[in-house]
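Biologist: Hi! Could you walk me through this structure in simple words?
Modeller: Happy to, let's open it up together.

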Amino acid sequence: MTGDDSDPANGSESTASLWTALLADARAIAQEYREDGWDAVVLEPTDVAPIDSEERVGLDVTVSADEYGVAAGLIEDGDVTITAADVYYRPLAEAGSDQRIALAAERDDDSKTAILIPLAYDITAVRPVFETALLEDQLLVHVLADPDDGWVSFSHDDPSLFLEEADVRAWNAE
């Protein structure tokens with residue numbers, strides 16, 4: 001999903017097919033983790049939106065209450081401490097599109113737990129968050145169902161992994 005309230009599946013055919021492929025990839029990667037003895041959870045966001053408030057800055061990733069409960073339970077119970085992450089960025093087939101798609105695989109190598117978070121976002125909408133993240137060398141991804149009920153945050157020290165190089169070059173040229 002995107003911060004502009006549009007579902008990738010309702011967008012262009014290219015965006016919809018990439019979103020579908022990203023979800024399939026997330027499930028396949030989770031299955032590979034499971035085959036290697038890991039506990040793996042795939043979240044399916046209903047919305048991804050930039051957030052810049054006193055409480056938090058980064059990307060708000062809204063998921064179902066059940067999915068949030070699973071992710072929060074893993075983290076808040078103290079058995080899982082995310083210490084590593086992989087980011088799989090997928091460029092869109094359509095040149096000039098503002099849509100971006102990535103998969104964040106949040107990992108605790110000690111407990112062998114992975115939380116996979118597929119992301120779709122509009123680069124124009126998230127630009128201020130990414131510009132700050134690039135300056136601070138940290139992008140926070142906040143998973144939530146209802147912000148009044150709290151959120152779980154994941155930190156990424158290389159925000160450029162979520163972007164096209166051309167995005168950053170264009171911003172620097174302005």
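**A chat about the model**

Modeller: E136 is exposed, with a relative accessible area of 55%; exposed means over 50%, buried under 20%, and partly exposed in between, using a 1.4 Å probe and protein chains only. Before we go on, this is a predicted model, where local features need pLDDT of at least 70, side-chain atom pairs count only at pLDDT 80 or more, and totals for chains, interfaces and linings use all residues. Residues are numbered from 1 along each chain as its sequence is written, and side-chain values use heavy atoms, with hydrogens and water left out.

Biologist: Thanks! Where is E136 found?
Modeller: E136 belongs to helix α3, residues 123–136. Helices are DSSP runs of H or I with at least four residues, strands are runs of E with at least two, and both are numbered from the N terminus.

Biologist: Which residues form the negative surface patch?
Modeller: E136, D137, D157 and D158 form that patch. Patch residues have over 30% relative accessible area and no salt bridge, and like charges are joined within 9 Å. A salt bridge would be a side-chain nitrogen of Lys or Arg within 4 Å of a carboxyl oxygen of Asp or Glu.

Biologist: What about the phi of D137?
Modeller: Phi of D137 is positive, near 55 degrees, and D137 is not a glycine. D137 sits in the loop between α3 and β7 (139–144).
Modeller: K112 is another non-glycine residue with a positive phi, about 55 degrees. K112 lies in the loop between β5 (99–108) and β6 (113–122).

Biologist: Is K112 buried, exposed or partly exposed?
Modeller: K112 counts as partly exposed, at 38% relative accessibility.

Biologist: New topic: how many aromatic pairs does a search of the whole structure find?
Modeller: The search finds three. Rings of Phe, Tyr and Trp (its six-membered ring) pair if their centres lie within 6.5 Å; planes under 30 degrees apart are stacked, over 60 edge-to-face, and the rest tilted.

Biologist: Are Y33 and W38 buried or exposed?
Modeller: Y33 is buried, with a relative accessible area of 12%, and W38 also counts as buried, at 16%.

Biologist: Which residues form an aromatic cluster?
Modeller: Y121, F130 and F162 form one.

Biologist: Last one: how far apart are A125 and D98?
Modeller: A125 and D98 are 27 residues apart in sequence and 9.0 Å apart in space, C-alpha to C-alpha. A125 is found in helix α3 and is partly exposed, with a relative accessible area of 34%.

Definitions and conventions:
Patch = residues over 30% accessible without salt bridge, like charges linked within 9 Å, V, L, I, M, F, W, Y side chains within 5 Å. Areas by Shrake-Rupley, 256 points an atom, 1.4 Å probe, with all protein chains shown as cover. Lys, Arg positive; Asp, Glu negative; His and termini not counted. Charge placed at Lys NZ, Arg CZ, Asp CG, Glu CD.
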